[in-house]
Amino acid sequence: DVTEGSMALGIWWERCRYDWSEPRVVTATVIDSNVYQPELSGFVWRARPRNGGGSDVEMTIYRKFKISPTGLAATVLYRVARSWWLGGMQRQVLRAIESDPSGAR
């Protein structure tokens, strides 16, 4: 279990349960949050080997926001900026993996 957060229109946090039981797949399920509805939010990363080396990584995100002032603000921001925001998050994670391919982090 990991608690993560960001500052966007206040502090958003989520506690996720990560599952690595399936090869080349990481699943994170939200179990508690001040913005997202637990068990209805999370993400899945799938890595597929690419012919000639390297990998393709696909990220599927599913979000169900709470009905609250913070949840409603998050819904609007998410709809407006999700490509930029989530793309940036994915690039940051992939850079960290590429800088330490052994997985020692």
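1. Of the 105 residues of the protein, 27% count as buried; buried means under 20% relative accessible area, exposed means over 50%, and partly exposed lies in between (1.4 Å probe, protein chains only). The model is a predicted one, in which local features need pLDDT of at least 70, side-chain atom pairs count only at pLDDT 80 or more, and totals for chains, interfaces and linings use all residues. Residues are numbered from 1 along each chain as its sequence is written, and side-chain values use heavy atoms, with hydrogens and water left out.

2. The protein holds one helix and five strands. Read from the N terminus, the order of the elements is β-β-β-β-β-α. Helices (H or I, at least four residues) and strands (E, at least two) are DSSP runs, numbered from the N terminus. Contact means heavy atoms within 4.5 Å. Among the contacts in the protein with a separation of 6 or more, 27% are between residues 24 or more positions apart.

3. The pairing of strands may be considered next. Two strands pair if DSSP finds at least two bridges between them. Strand β3 (residues 25-33) pairs with strand β4 (residues 42-49) in the antiparallel sense, over five bridges; here T27 stands opposite V44 in β4. Strands β4 and β5 also run antiparallel, and eight bridges join them. In this pairing G42 is opposite Y62 in β5. β4 and β5 form a hairpin with five residues between them, and G52 in the turn has a positive phi of about 90 degrees.

4. Two further residues deserve a remark on their backbone. Most residues other than glycine have a negative phi. R24, although not a glycine, has a positive phi of about 65 degrees; R24 is found in the loop between β2 and β3. With a relative accessible area of 56%, R24 is exposed. E39 is likewise not a glycine and has a positive phi of about 70 degrees. The loop between β3 and β4 contains E39, which is exposed at a relative accessible area of 53%.

5. Which residues have the most contacts inside the largest nonpolar core? They are V35, Y36, F43 and F65, in a core of 13 residues. β2 (11-19), β3, β4 and α1 each supply at least two residues of this core, and the largest share, three residues, comes from β2. A nonpolar core is a set of buried Ala, Val, Leu, Ile, Met, Phe, Trp, Tyr and Cys residues joined through side-chain atoms within 4.5 Å. As a general background, nonpolar side chains tend to be buried together in soluble globular proteins.

6. Is F65 buried or exposed? F65 is buried, because its relative accessible area is 12%. Leaving aside its neighbours within four places in sequence, F65 is in contact with V35, Y36, Q37, G71, A74, T75 and Y78. F65 and L40 are 25 residues apart in sequence, and their C-alpha atoms are 8.7 Å apart in space.

7. The structure holds three aromatic pairs. Rings of Phe, Tyr and Trp (its six-membered ring) pair if their centres lie within 6.5 Å; planes under 30 degrees apart count as stacked, over 60 as edge-to-face and the rest as tilted. Y18 and W20 form a stacked pair, 5.6 Å centre to centre with 20 degrees between the planes. W20 is exposed, with a relative accessible area of 57%. The pair of Y36 and F65 is tilted, because the ring centres are 5.3 Å apart and the planes stand at 50 degrees. Y36 lies in the loop between β3 and β4 and F65 in the loop between β5 and α1, so this pair ties together parts that are 29 residues apart in sequence. Ring pairs also link Y18, W20 and F43 into a cluster.

8. R63 is placed in the loop between β5 and α1. R63 counts as buried, because its relative accessibility is 19%. The charged end of R63 sits over the ring of Y36, 4.1 Å from its centre; a charge sits over a ring if NZ of Lys or CZ of Arg is within 6 Å of the ring centre and within 35 degrees of the ring normal. The side chains of R63 and E14 are joined by a polar contact of 3.4 Å. A polar contact is a pair of N or O atoms within 3.5 Å; within protein, one must be able to donate a hydrogen and the other to accept it, and residues adjacent in sequence count only if both atoms are side-chain atoms.
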